[in-house]
Amino acid sequence: QGSLQPSGRPGARPPAMGTSDIALERVQALLRVDTGNGSLYEHLVRVARAVAEDEPKDALAQLEAVSRRLKRSSFRGAPAPDGGEEVRKDGAVENQQREWHAGVLQLVRQPSDPTAQPQVLCAVQNFMEDAAMLQWAGVGFGKQESFHIAMSLRALAAQTPSLERLRLWGKILGTGGDYYVAEGELQSPVGPLPLAIPGTPEYDVEARGEGVNVSQYWVSSGCNVPWVRLPAARASQIVAARSIKRLMTGNLDSQVHSMPWFPGTERQLLRAQIARITATCTLAVRGWFEEDEDFATENEGRRRLRLAEAALDEFPDHNGLQEVGSWVHQCPEILPSGRTAYPDTAKLEEVMREGGQEEAFTKYQEEVIEPNPVQDWLRSIEADCDFLKPEDSEAETVAWSLKSFGDKGVYNFPDPDGEKSHRVSAVRSLIWPGALTVAKGKRFANFYVGYGLKCGDLVPPDQEIGLPLKGTSPFWPMVPEEILEEPNDLKEEEEPNPQLDEGKSDGEASMDPDE
């Protein structure tokens, strides 16, 4: 007997598989491929089950949302690391982190002996209040770093008992590291100013507390890194710094390779640039300071500024702070010689005549003193680079930019405050990008954040020669001038009086009338 086949009929063959059956099997195999987060077949089954259980009113509209929710719930990522497994760290990096944490804790640590007599510090800048004004002007370090800077200034003041006042001057950016710069005034010597004769080492360095050395400067690479005091500024180094362009590297001992040659390392170059920026960009509200005549009388040859008696009463309002005439320079101008003042001419003439240097004194007076007179100390910023202003320009000044930030509303308060505004006024230098002065209410502060380079791209060119401001160089290369076409060759003409050939002159009389 024949065996029974699946068809139930004896001797019958199974039906052949059609093309549609093969395609169906391929589709089923494709749907069951697991890519790590489940297969498409399982996902469709879960979607159909979810729709059947929820019974939404518009199942077709909710299909994508249900599918997306099920995909997120079924995601299978990499397993989390074992909590008991020890994570290996770089030893050098971990030591740096520990040192940084220890340094920060040292800054904010309370005195070890609360019962001890408190230490009297100098007038330290409240950098947290100034940082709030600077932040409105677009310059800020964040609250945490600002607090660390304030604590670092307090630590510097505690380590330097001879300081009278201290503030954060700014930040010089570098290629390998940055410099935080602190400015402080030490107790200056009193008495007549010693006479400095031109050509001597004493003439190259202004006395401590005078001119470019009226303040001392410290630099640090971070808030918890020790402060390093910079040397005194020298006139020769300031003059040399005007002729070069170099970015700081963050290493005070690095060599300065430049042309022309600079007499010193980056330590001296940094100090020279700080002196130049301070003399040009340190501003004060008009009427805030006045010259101390009593000090000048008691100490011959020395000059000082003091707070005016009516400084707060004459402080400009929020509208006055937006006027160029409300701001003056707080530091003396640096002369072409690198100093801010000349020696007493009467004494200098007497000493040089006694030494037989009458001609040298006359030359010094005619070539140095007379062409470059000393400017007023509290001079207005209106006349800065006035020779660069185009004739058709309506701007009050081309060297400064004034702008206000924040809430510009005016609020009425009971007397004695009266009207009050919370806006922040900022005065920015266009010659030293990064230097600015901010003011709010009856408080103002000077600050600098930049590369320490003088730039002539933001001011008009010299009206006479059409080149950028003298002593400046663009941070980026300038567009080359238009290349002119070569001129046409000149037409050659025959010589008007040709000489006779030597062959024709043989045996003939000479044409020279003297022979």
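A crossing of two helices is left-handed if the near helix is turned anticlockwise from the far one by less than a right angle, and right-handed if clockwise. The model used here is predicted, with local features needing pLDDT of at least 70 and side-chain atom pairs counting only at pLDDT 80 or more, while totals for chains, interfaces and linings use all residues. Residues are numbered from 1 along each chain as its sequence is written, and side-chain values use heavy atoms, with hydrogens and water left out.

**Exercise 1. Describe the crossing of α5 and α6 and the residues that make the contact.**

Step 1. Helices (H or I, at least four residues) and strands (E, at least two) are DSSP runs, numbered from the N terminus. Axes are lines fitted to C-alpha atoms, for helices over the stretch in contact, and angles run from 0 to 180 degrees between N-to-C directions.

Step 2. The axes of α5 and α6 cross at roughly 145° and come within 9 Å. The crossing of the two helices is right-handed.

Step 3. Contact means heavy atoms within 4.5 Å. On the α5 side, Phe127, Met128 and Ala131 take part; α6 supplies Lys143, Ser146, Phe147, Ile149 and Ala150.

Step 4. Ala, Val, Leu, Ile, Met, Phe, Trp, Tyr, Cys and Pro count as nonpolar, Asp, Glu, Lys and Arg as charged, and the others, Gly among them, as polar. By this scheme the contact of α5 with α6 has six nonpolar residues, one polar and one charged.

**Exercise 2. Which residues of α6 are buried, and which elements do they pack against?**

Step 1. Buried means under 20% relative accessible area, exposed over 50%, and partly exposed in between (1.4 Å probe, protein chains only).

Step 2. The buried residues of α6 include Ser146, His148, Ile149, Ala150 and Met151. Among the elements that the buried residues of α6 pack against are α4 (91–108), β2 (163–172) and β3 (179–186).

Step 3. His148 has a relative accessible area of 8% and is therefore buried. Beyond its neighbours within four places in sequence, His148 touches Trp100, Val104, Leu107 and Cys223.

Step 4. Phe147 is at 37% relative accessibility, so Phe147 counts as partly exposed. With neighbours within four places in sequence set aside, Phe147 is in contact with Val108 and Met128.

**Exercise 3. Is Val285 buried or exposed, and what is it in contact with?**

Step 1. Val285 belongs to strand β6 (residues 283–285). Its relative accessibility is 1%, so Val285 counts as buried.

Step 2. Outside the four places on either side in sequence, the contacts of Val285 include Phe315, Pro316, Trp327 and Phe444. Pro316 is 31 residues from Val285 in sequence, and their C-alpha atoms are 7.8 Å apart.

**Exercise 4. Where are Glu55, Cys385 and Pro260, and what marks their backbone?**

Step 1. Most residues other than glycine have a negative phi, and most peptide bonds are trans.

Step 2. Glu55, in the loop between α2 (40–54) and α3 (59–73), has a positive phi near 50°. Cys385 has a positive phi of about 55° and sits in the loop between α12 (358–369) and β10 (400–405).

Step 3. Glu55 is exposed at 65% relative accessibility, whereas Cys385 is buried at 14%.

Step 4. The peptide bond from Met259 to Pro260 is cis, with omega near 5°. Pro260 lies in the loop between α8 (235–241) and α9 (266–281).
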